[in-house]
Amino acid sequence: MIKIPQERLSPELLAGIIEEFIQREGTDYGMNEVTLGNKIEQVKKQIEDGEVVVTFDQLTESCNLLT
């Protein structure tokens, strides 16, 4: 797996990776509804803070987000 610095990704591509991850993971935010836009911003902040990294798997040719 290759770690991809967020600076190497366009804002549109990063948002697409985050959106696909959120939809795939089916995250649960409890009793409060959270919009997709808010979820994307939350994950983007985690990436900016270094809590989450973007990775690329050469075998499956796919991106993922890891803590």
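1. Helices here are DSSP runs of H or I with at least four residues, strands are runs of E with at least two, and both are numbered from the N terminus. Under that scheme Val43 lies in helix H2, residues 36-48. The model is predicted, with local features requiring pLDDT of at least 70 and side-chain atom pairs pLDDT 80 or more, while totals for chains, interfaces and linings use all residues. Residues are numbered from 1 along each chain as its sequence is written, and side-chain values use heavy atoms, leaving out hydrogens and water.

2. Val43 counts as buried because its relative accessibility is 8%; buried means under 20% relative accessible area, exposed over 50%, and partly exposed in between, with a 1.4 Å probe and protein chains only. Beyond its neighbours within four places in sequence, Val43 contacts Ile18, Ile22 and Leu65, where contact means heavy atoms within 4.5 Å. Its C-alpha atom is separated by 9.7 Å from that of Phe21, 22 residues apart along the chain.

3. H2 has 13 residues and spans 18 Å from first to last C-alpha, close to the 18 Å expected at 1.5 Å a residue; the expected span is 1.5 Å times one less than the number of residues. The buried residues of H2 are Lys39, Ile40, Val43 and Ile47. They cover an arc of only 100° around the axis, so they sit on the same side of H2. The arc is taken from the directions from the helix axis to the C-beta atoms. An α-helix has 3.6 residues a turn, so residues three or four places apart point the same way. After H2 comes Gly50, with a positive phi near 80°.

4. The largest nonpolar core has 13 residues, and those with the most contacts inside it include Leu9, Ile18, Val43 and Leu65. Such a core is a set of buried Ala, Val, Leu, Ile, Met, Phe, Trp, Tyr and Cys residues joined through side-chain atoms within 4.5 Å. Helix H1 (11-25) and H2 are the elements that give two or more residues to this core, and H1 gives the most, with 5 residues. Not counting residues up to four places away in sequence, Leu9 touches Ile4, Leu14, Ile17 and Val54.

5. Three strands form an open sheet in the order S1-S2-S3, with antiparallel pairing; two strands pair if DSSP finds at least two bridges between them. Strands S1 (2-4) and S3 (62-66) are the edge strands, each pairing on one side only. S2 (residues 53-57) is joined to S3 by 5 bridges, and Asp57 has Ser62 in S3 as its bridge partner.
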